[in-house]
Amino acid sequence: MAKVTIPLGPQHPALKEPANFALSLDGERIIGAAVNLGYNHRGIEKACESRNYTQTLYLIERICGICSHSHSTAFARAVEEVAGVEVPIRAEWIRTLVAELERLHSHMLWLGVAGHELGFDTLFMVSWRDRELVLDLLSKITGNRVNYGVNKLGGVRCDITQEHIDLIKPVLDQLDESIKYYIELVTNERTLAARMLGVGTLNYDDAVAYGASGPVARAAGVNRDTRRDDPYAAYPEIPFNVIIDDHADVYGRAVVRALELVESVKIIRFILDNLPDGPLETRVPRRIPEGEAFSRYEAPRGEDVHYIKGNGTDKPERVKVRAPTMANAASVALMLQGSYLADVPIIVAAIDPCFSCTDRTISVVDYSSGREGTLDWQALRKYSIDWYRSQGIAFDDLSRRM
Amino acid sequence: MKTGKILPKAIKNLFSKPATSEYPAKKDAIFDDYRGLIAYNAEACIGCMSCKRDCPTGAIDIEKVGDKQYKATLRIDRCVFCGQCVESCPRDDALWYTSEFELAGLTKDAMKIDVLSDR
Amino acid sequence: MAILSILIFPGFLFLAFYGTVFEFIDRKVYARLQNRKGPPWYQPIADFIKLLGKETIVPNEANRTVFLLLPVVTVAAVTTAFLSVPIWSTQAAMPFSGDMIVVLVLLTICPLTFFIAGWNSSSLYSTIGSQRVLTQLFAYEVPLLMSLIGPAILTGSWSLSEIAAFYVDKPLFALFNLPGFVVAILAGQGKLERVPFDTPDAETEIVAGAFTEYSGRPYAFFRLAIDMELVVLPAIFGAVFIPIFSANLFVGFALFVVKTVVILLVLTAIRAITARLRIEQMVKFCWMFLVPLALLQILINLFAKGLI
């Protein structure tokens, strides 16, 4: 069969968010792949610069619907560093607790999505049913299922009371049991293994060269975890294992995530047993002094990096966010090479992509001249009006045409 | 390796109660500390505008309607239910959360409401 | 009389109704296996009516006549096939010698129309889907045919009604058909394009496969044809492999319902507990596992023939 290039996305049932993969096919085999991101640019970084730090915190929290706490903690830590504020130890531990609950529900979400991509909807339903337990917990502790709003600059907004601890503990026992079941299921179901073993391989050297992070890197044997390598919040005082696997394929990524669930439950138990007493927040001035800070955070999907530059006012001068998917997206092109078309959904899903979180900046390329640059709002608006007019659609008399 | 490893669990599911929550026919209990629609007590408000200043989306507005008399309007279509207004308020009894969450409306005007304490 | 049996019972109307009931049972049990609530009983009918009311969109590049005619051909083929399948008694509505081959050929028309439908739609996903339909057809068709040839050899007849009558006469011989039954169920799962063999319409890979461009009434009839297939295959398996019939019409019909529902439940359970295989894994599975098993079945039946 002749070589064909097919576009996968930006709209495709396997993708929960818009992204485009240009696949060169030889029959059902992929011989080349290119990843095109940028369909979901939301201008968040620019929007941050026109809001004060308190408002920005909530905007940052809404970068991602799943790892919202990751983004807001990373941002808050950077701001606190610029302001020179010491966060109370109890607040750090509560942040860590919510972070690990978030990792639990994020990994369970991934497990379900992976099952769905492989046509194994029972795994999808069962795993999402158990994920509800975690979401209910988060809702009870923080007041919302996602976008918890736990963080405030200089501390946390909600306390963990004895009542909360009594709520969480029985759920953890329940989760322990179902997690054990998932691990057994993922490693022992033949049809799942047939679809995951040897699919989307990314070896150690490539994982390092392409800068993969999080479970994708750890499944390739890269011993890298920000929680241990550059500890933040309460992690220096909490014992936990970094899960490494050497399968270097989708199976390895599934195993790493499943075992990380066990670690997360252990960490949560440790936090509940050793939660230190103390105040919940330190006051942070409204005006953040001049200075810059860089904050690293191990989000469920990989390493999340925030950069803040303050200029002495109550608004940040510059906010830069690099979501974990940005680090992993490049390696997808490599993983896709040589695999089957049928494996594309699971390979893409295996990095646990969050493209909307990733799309930060776009550059506009003029196809005819090859020039690259940026467009401001007015120019972009003019361009779109002209484009539609060239298609015979004029917005001023749109009502008449429809 | 085994095919159909999930079969015992699936059969167990077959004879257990469905996990589906039957919204809207049956509403699950909303937890007490749920961050729903805010409520406002005009008598306690001192008109400091802290909530208005910190609101990330510009949803809440406090108007002075008389001498030391204030009125709060909320645009639900803008509100992201972060609760920062309650957090910013220097008084304990002027703003608080309710567990009201079914707030959809058909027009933009319907989404702009006076926040009252009895809601 | 003939026109009645074609249009009403056991023809089109009965088959369509029974098909929607089967779709409901399939979806409900599937949902319950996943600890979900599942749809209400009228859901498949509501879906069908809703699709009837939707706009029919025909792609510009497609041949309009073929595009709209294919669903009708599929429904006609499945209905015709059902006329020769024994239901409440060993005697089908319209039996003739050699009807087994005709039934299987008519059922092969379904995937062929799916293939043409996808190819004619000329969309990328439907083209890939129809390629997979055809690839899969070559994988499951041979073991399916072989699993039914075993009983045919034993009874020395190519008619489903005569095969059923033979096994009612000598029920113990049906026990020899166990490997064939397993092959038939698994190959049938492939024919019905259900997990783990749903590669041709793998939702997360190629949208809806061959039916990606279909909408409105033509799509409603394709769905109906698939529902009907879901009845016809269990009916054939029930007639050949579970030879329990009754002379009484009502008891016979109840037995038919029980048999087909049991087979449907097995098909649903397989769907719920496996992940989708890749097309080449599916072909490998069929040729490396199902075909040898079907050959074994034929061998067993050749020996069993000596016992008659």
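Guide: Chain A is divided into domain 1 (44-325) and domain 2 (366-402), with bounds that come from an automatic or database domain assignment. Between the centres of these two domains of chain A, taken over C-alpha atoms, lie 40 Å. The model is predicted: local features need pLDDT of at least 70 and side-chain atom pairs count only at pLDDT 80 or more, whereas totals for chains, interfaces and linings use all residues. Residues are numbered from 1 along each chain as its sequence is written, and chains are lettered from A and ligands numbered from 1 in the order in which they are written.

Two residues are in contact if their C-beta atoms, placed from the backbone, lie within 7 Å. On that basis, 21 residues from chain A meet 23 residues from chain C. On the chain A side, at least two residues each come from α4 (89-117), α5 (121-142) and α7 (190-196); helices are DSSP runs of H or I with at least four residues, numbered from the N terminus. The largest share, five residues, belongs to α5(A). By class, this side of chain A has 12 nonpolar, four polar and five charged residues, where Ala, Val, Leu, Ile, Met, Phe, Trp, Tyr, Cys and Pro count as nonpolar, Asp, Glu, Lys and Arg as charged, and the others, Gly among them, as polar.

Chain A also touches chain B, with 22 residues of chain A in contact with 20 of chain B. In chain B, α1 (7-14) and α3 (84-88) are the elements that give two or more residues to this side. The chain B side comprises 10 nonpolar, three polar and seven charged residues.
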